[in-house]
Each structure stands twice: as structure tokens, then as C-alpha cells.
Amino acid sequence: MSDTLAPEPQQTMPSPKSKRDIVLDPAEPGTSPILIKGRLSRRYLTWYTILTIAISAVWGAVLGILLPNHVQILEFGQWFTGANAGIDLQKLTLLQQAVDAGTTTATAAQAHQLELLKEFNSARAQALAVITSIGVVLTMLIQPVVGVLADRTRSRWGRRAPWILFGSLVGSLLLVLMRFSPTLVVLAIVYMFAQAFINAAVGPLATTVADRMPQNRRGTASALGGFGNFFGGLLGGLAAGSLFATLGLDIYFIIAAFVAFSGVMFVLFARDRSSKNLLVPKMDWKGFFVGFTIALRSRNFRWVWVARILLSFGYTVSTALSLYMLQSYIRPALSQTQATQLAPLLTLVGVPVTIIVLFIAGRLSDRIGKRRIFVIIASVLMGFSMLIPIISPTVLGLFVQAIVGGIAFGIYLPVDQALFIDVLPDEKAAGRDLGVAGLGSNLGQALGPILAGTVVAVTGGYVGVWIAAFALVLLAAVAISPLKGIK
């Protein structure tokens with residue numbers, strides 16, 4: 001295929017039923033029209049929000065509820081066999097806590113079961129950590145490439161729609177296959193590709209805002225996307241947590257159907273114009289990949305990037321094994337059903353304070369013209385929140401930690417993003433360099449579960465997880481200190 005194509009007549013958009021529709025034709029052939037106002041604009045924003053909710057619901061349900069339970073079910077079958085196959089994990093954990101407290105002594109048979117419990121706890125933590133992390137790593141590698149290919153795609157449905165549709169449908173199919181994964185190896189492989197394909201739709205979906213929204217409405221569209229991310233994650237987690245006792249792993253089917261339906265509806269009802277006559281220059285892959293290293297050559301950008309990695313690393317360490325902590329760390333230990341129902345609430349409880357503090361911190365940092373001090377305060381506050389479950393290993397302790405951590409996150413999120421913009425080495429390449437900033441979060445999220453699983457495997461408990469999280473987020477405060485010329 002030649003590198004460029006001669007322009008063809010533009011495909012017309014569906015005729016609006018209302019004369020109040022205002023659509024600005026694209027300046028370049030093969031690109032999207034700008035939806036100024038009217039029915040087409042509202043339809044796009046509606047399905048954009050719904051698909052964002054559906055995709056975020058996947059991560060709320062799968063990462064928070066289904067995957068940890070799926071791993072636990074498979075590992076339980078490996079460790080508790082024969083006469084021990086029907087053992088009650090909650091009762092065995094309570095026995096372990098009583099033995100540790102010196103209030104009872106285990107019999108020989110119970111001592112054997114407690115040894116199995118120790119091995120089981122380490123095995124499930126490590127397995128979940130590895131499965132969670134490899135999915136993030138593959139996504140980190142795929143997303144930038146998909147972004148470039150989506151910019152260059154020629155189709156009658158536009159540049160982004162083929163990737164959104166393909167990612168949604170294949171990702172949904174893989175979610176269904178996860179339900180039938182018979183071993184941890186199969187589960188890990190299927191989940192890795194499910195996450196990669198669904199995320200292959202995320203980047204092109206987000207780019208449609210820049211493609212179709214006028215400058216003065218991109219904030220509104222981004223706010224709807226942020227709402228979709230927030231609400232979808234909560235919806236997925238709460239729904240999966242409340243329905244797991246009844247439906248079990250069959251919840252995979254519901255989540256998959258929601259994503260597939262939303263992806264198809266977006267492509268059909270928020271239809272884009274043809275990109276068959278798109279002018280595509282020759283691709284310089286070497287220049288593309290080298291470009292991602294440019295921002296990291298800037299001293300200030302590099303330190304802010306390291307600080308983001310450390311904070312997201314520490315935060316993910318503390319949250320990677322939440323379901324298992326409710327079953328094996330807190331006193332008294334909860335059953336699998338109780339932990340599954342309670343786990344989403346640990347996320348929900350911190351949300352109101354996060355939202356309130358987020359707006360306050362963002363405005364205050366703009367008003368006083370300082371960013372760095374806010375990042376340091378947030379990192380220190382989050383660090384000390386990690387000590388709460390060590391002092392109080394109870395359900396209440398976890399909820400207090402979630403609230404204090406939510407306050408810290410509310411301070412951190414808006415100011416950290418603004419700080420990255422302040423230290424950009426080239427504002428004309430802001431999209432590329434902020435993408436590198438996003439990779440810092442992904443890297444921290446990939447490393448967190450691995451460290452958490454390793455700590456549990458080595459120490460046989462969860463206290464070390466909170467200590468590691470405490471140290472990492474405090475290091476984030478240290479890393480932000482060397483900035484020069486930035487308040």
C-alpha cells in the first residue's frame with residue numbers, strides 16, 4: 001500500500017433530525033468532524049460515558065473481586081486435598097490467630113493443617129501478584145503502539161472505531177474464557193491478553209475526545225470520562241462483591257456482556273466518518289520509540305517521574321492483596337463470602353473525602369503557586385496511613401487507613417499532574433511526554449503486586465506488606481525534593 005492516498009469525497013454523517021445540530025467539517029481528509037452541539041454531540045457523549053463505565057467496571061469486578069477469588073479457588077484445590085478438602089478456611093485462620101495469641105494449643109492434626117494454611121497463604125499471594133503484574137506489563141508495551149496505529153487507520157468507520165470494537169469484543173470473549181480457566185497458568189495467560197485487548201480500546205476511545213469535541217467542551221467530555229472511570233470501578237466492585245455468593249465466577253459473563261454491548265453501541269450510535277482517504281506519512285518506528293526517552297533526559301521531569309513510580313508502587317503494594325488481608329490478617333478473620341462483600345467498601349469509603357480534597361488541593365496549589373510541598377505532604381500522609389493497620393489489624397483499622405489514604409490521594413492527584421505539566425521539557429510534545437508520565441503509574445502498579453506477594457511468601461504474614469508500602473511512599477516525598485526552579 002502506498003504511503004499516501006489521494007483525497008476522496010468525504011462520507012457524510014447521518015442526517016441530523018434537529019436543525020440545531022452544529023457539526024464542523026474536519027480540516028484534513030479522513031479525520032473526524034467536530035461536534036459543536038446538538039443530537040450527534042449528545043449521542044457521542046452518552047455512549048462515550050457508558051463505554052468508559054463498562055471498561056472501568058471490568059477492573060473493579062475482575063481485579064478487586066473475581067481474580068483474587070478465582071486464584072484462591074484454584075490454589076485451595078492444590079493444597080487442601082483428601083481429608084482436608086472440605087476444611088473451613090475461616091475457622092482454620094481463627095485457630096491460627098488463637099495459637100499466635102497463646103490462648104490455645106494445636107493438636108498434631110491441626111498443626112499439619114496450619115502448616116498447609118501457611119503454604120496456601122503464600123502461594124495464593126504470589127500467584128495473584130504475578131497474574132496481576134504481567135497483565136499491566138503487556139498493556140504498557142501495547143498501548144503506545146496501538147495509539148500510533150489508530151492514528152494511521154483507514155476504514156469506513158473512521159480511525160478509532162475498528163480498535164474500539166476489536167478490543168471490546170475480543171476482550172469480552174477472553175473474559176468469558178477466564179471463567180473456564182482450569183489452572184493458574186491458563187488463567188494468567190488468558191487474563192494477560194484480556195487486559196491487553198480491552199486496554200487496546202481504551203486509548204483510541206480517550207482520543208475520540210480530542211478528535212470530536214471542540215476546545216471549549218473537552219473539559220466536559222473529560223469530566224464525563226473521569227466520572228465513568230470512577231463510577232464504573234465502584235459499580236463493578238460492588239456488583240461483583242454482592243453477587244459473588246450467588247453467582248460465583250459466572251459474574252465474568254455479565255461483565256463481558258456489558259463491555260461487548262457498550263463497545264458495539266458506541267461504534268454504531270456514536271458513528272464516525274470514513275477515514276479511507278486519510279493521508280498517512282511513512283512511519284518512523286525508530287524515531288517513535290526514541291521519542292519516549294526525550295522527557296526522561298530532563299532532570300526535573302525525571303525526578304517527578306521517579307516520585308510517581310514510588311508512590312503508585314507503595315499504594316499498590318498496600319491494596320494488591322486486600323481480599324486476602326480481610327481473610328488472613330485482620331482479627332477476627334472473615335470468611336471468603338464476608339471478605340468478598342466487604343472488599344469493595346474499602347474503596348468506596350475513601351472516595352467522598354478524595355473528591356472533596358482533590359478540588360481543594362488543586363485550587364489551593366494554583367492560588368499560592370506551589371506544587372512540590374503538596375506532593376511531599378501527600379506522600380508523608382499516605383506513608384503514615386500505612387502504619388494504621390499495623391497498630392490496629394482490624395476491619396476498623398483498614399477503613400481508617402482507607403479514609404486517611406483517600407485524603408492523601410486527593411491532595412496528590414491534581415497537584416502531581418499539574419507538576420508534570422510544569423516540568424514538561426517541550427510543551428509541543430505534551431501528549432507524548434504525559435504518556436511517559438502515565439507509564440510511571442503503570443510501572444508502579446506492575447511492581448506493587450509482585451513485592452506484596454514476595455513479602456507474604458518470605459515472611460508468612462502481611463505486616464511486612466504495610467511496612468514496605470510505608471517506606472516506598474515516604475521515598476516518593478524524598479524523590480521530589482531535588483527539583484530545581486519549581487516551587
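Select Leu89, Gln90, Thr93, Leu117, Phe120, Asn121, Arg124, Gln327, Ser328 and Leu334: these residues line the largest cavity. On a 1 Å grid over the protein atoms alone, a cavity is a set of points where a 1.4 Å probe fits but cannot get out, and lining residues have an atom within 4 Å of a point. This is a predicted model, where local features need pLDDT of at least 70, side-chain atom pairs count only at pLDDT 80 or more, and totals for chains, interfaces and linings use all residues. Residues are numbered from 1 along each chain as its sequence is written, and side-chain values use heavy atoms, without hydrogens and water.

Now colour by element. Helix H2 (89-101), helix H3 (108-151) and helix H10 (322-328) each give two or more residues to this lining. Helices are DSSP runs of H or I, at least four residues; strands are E runs of at least two; both are numbered from the N terminus. H3 gives the most, with four residues. By class, the lining has four nonpolar, five polar and one charged residues. Here Ala, Val, Leu, Ile, Met, Phe, Trp, Tyr, Cys and Pro count as nonpolar, Asp, Glu, Lys and Arg as charged, and the others, Gly among them, as polar. The space inside is about 50 Å³. That volume is the space filled by probe spheres set on the grid points, which are joined across faces, edges and corners.

Next, select Trp157, Ala161, Arg212, Phe266, Val267, Ala270, Arg271 and Asp272. They line the second largest cavity, with about 30 Å³ of space. Its lining divides into five nonpolar, no polar and three charged residues. The count is two cavities of 30 Å³ or more.

Move on to the second largest pocket. A pocket is an open set of points with protein on both sides within 12 Å along at least five of seven lines. Select Gln96, Asp100, Ser328, Gly460 and Gly461, which lie nearest its centre among 17 lining residues. Ser328 also lines the largest cavity. H2 and H3 each supply at least two lining residues; H3 has the largest share, five. The classes are six nonpolar, seven polar and four charged.

Finally, zoom out. The chain has 17 helices and two strands. Its C-alpha trace spans about 85 × 50 × 45 Å along the principal axes.
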